[in-house]
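Me: Can you go through this one with me? I'll ask as things come up.
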Amino acid sequence: PALTGPIGWLTLGRWIDRRSVNRVLLVQYVPHGWGCGAMNIGLCFWLLYRRVIRGDEVRVMFHEVAMPFVVYPLRHNLQAVVHRVMAIILLAAAKHVYVSIPAFGQMLKRLSLGMRSPVCLPVPSNVPRIDDAAAVAEVRRAVTGGATSASIRSEERRVGKECRSR
């Protein structure tokens, strides 16, 4: 069911309750995939309810934690705040917390005031690691045409403004 509102949560909850007594819910935390404009706080509270009231074991795998705070566009700062609130609620709901990269673990440790130490479970990749800095630089030059990351961001902003003005 769509997990963007109470009907979806109720439907899924009933389905889960019929399946087992010892329930383990593994949640893949990717707020942009949860609907509600990437601000689905209700789903986080539903998972907290499932743990506290229904007795489910909630495990959360954080593939991302929160959007960064930015100067422009300002509306992204609202998402940055809400993502942190969502993460705090899930930290309270989860018995086990996993992260895909260590940096997310540090952020979650700060959000939990040091009360949680997430376990890092890196996602395997079939992309080979290249330890040859010169080869990496050559590939980067070939892909970007020699442009620097600053000029690429400038071009992205220009194109974004054109799209918004249409």
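Me: Tyr-29 and Phe-62, buried or exposed?
Reply: Both Tyr-29 and Phe-62 are buried. Bear in mind that this is a predicted model.

Me: What is the relative accessibility of Tyr-29?
Reply: Tyr-29 has 0% relative accessibility, so it counts as buried.

Me: What kind of aromatic pair do Tyr-29 and Phe-62 form?
Reply: The pair of Tyr-29 and Phe-62 is tilted, at 4.6 Å centre to centre with 55° between the planes. It links distant parts of the chain: Tyr-29 belongs to strand β1 and Phe-62 to strand β2, 33 residues apart.

Me: How many aromatic pairs are there in the whole structure?
Reply: A search of the whole structure gives two. Besides the tilted pair of Tyr-29 and Phe-62, there is Tyr-29 with Trp-34: the ring centres are 5.3 Å apart and the planes stand at 85°, so that pair is edge-to-face.

Me: Why edge-to-face? What is the cut-off on the planes?
Reply: Planes over 60 degrees apart count as edge-to-face, and the planes of Tyr-29 and Trp-34 are at 85°.

Me: And Trp-34, buried or exposed?
Reply: Trp-34 is buried, with a relative accessible area of 12%. Tyr-29, Trp-34 and Phe-62 form one aromatic cluster.

Me: Back to β1. Which side chains point to which face?
Reply: Strand β1 covers residues 24-29, and its side chains alternate.

Me: In which sense do β1 and β2 pair?
Reply: β1 and β2 (residues 57-62) pair in the parallel sense, over six bridges. The bridge partner of Leu-25 in β2 is Val-58. β1, helix α2 (residues 41-52) and β2 make a right-handed β-α-β unit.

Me: How many residues of β2 are buried?
Reply: Five of its six residues are buried, so β2 is largely enclosed by the rest of the structure.

Me: What happens between β2 and β3?
Reply: β2 and β3 pair in the parallel sense as well, over four bridges. Val-60 stands opposite Val-97 in β3, and Arg-59 stands opposite His-96 in β3. The chain crosses from β2 through α3 to β3, and this β-α-β crossover is right-handed.

Me: OK, the sheet as a whole. What is the strand order?
Reply: The sheet is open, with four strands in the order β1-β2-β3-β4 and parallel pairing.

Me: Which strands stand at the edges?
Reply: β1 and β4 (119-120) do. Each has a single partner strand, so one side of each is left without a neighbour in the sheet.

Me: Switching to helices. What should α3 span, going by 1.5 Å a residue?
Reply: The 19 residues of helix α3 (residues 75-93) should span 27 Å, and the end C-alpha atoms are 28 Å apart, which agrees.

Me: What do the buried residues of α3 pack against?
Reply: They pack against β1, α2, β2, β3 (96-99) and α4 (102-111). The buried residues of α3 include Val-82, His-83, Arg-84, Met-86 and Ile-89.

Me: What about α5, how far does it reach?
Reply: Helix α5 (residues 133-144) has twelve residues and reaches 16 Å from its first C-alpha to its last, close to the 16 Å expected.

Me: What is there at the start of α5?
Reply: A side-chain oxygen of Asp-132 comes to within 3.2 Å of the backbone nitrogen of Ala-134. Just after α5, Gly-145 takes a positive phi of about 70°.

Me: Where is Pro-102?
Reply: Pro-102 is in helix α4. Its relative accessibility is 56%, so Pro-102 counts as exposed.

Me: Last topic, the whole chain. How many helices and strands?
Reply: The chain has six helices and four strands. Along the sequence they follow the pattern α-β-α-β-α-β-α-β-α-α.

Me: And what share of the residues is buried?
Reply: Of the 166 residues, 32% count as buried. Among contacts with a separation of 6 or more, residues 24 or more positions apart account for 62%.

How values were computed
Residues are numbered from 1 along each chain as its sequence is written. This is a predicted model: local features need pLDDT of at least 70, side-chain atom pairs count only at pLDDT 80 or more; totals for chains, interfaces and linings use all residues. Side-chain values use heavy atoms; hydrogens and water are left out. Buried means under 20% relative accessible area, exposed over 50%, partly exposed in between (1.4 Å probe, protein chains only). Helices (H or I, at least four residues) and strands (E, at least two) are DSSP runs, numbered from the N terminus. Two strands pair if DSSP finds at least two bridges between them. A crossover is right-handed if, with the strands pointing away from the viewer, the path from the first strand over the helix to the second runs clockwise. Rings of Phe, Tyr and Trp (its six-membered ring) pair if their centres lie within 6.5 Å; planes under 30 degrees apart count as stacked, over 60 as edge-to-face and the rest as tilted. The expected span of a helix is 1.5 Å times one less than its number of residues. Contact means heavy atoms within 4.5 Å. A polar contact is a pair of N or O atoms within 3.5 Å; within protein, one must be able to donate a hydrogen and the other to accept it, and residues adjacent in sequence count only if both atoms are side-chain atoms.
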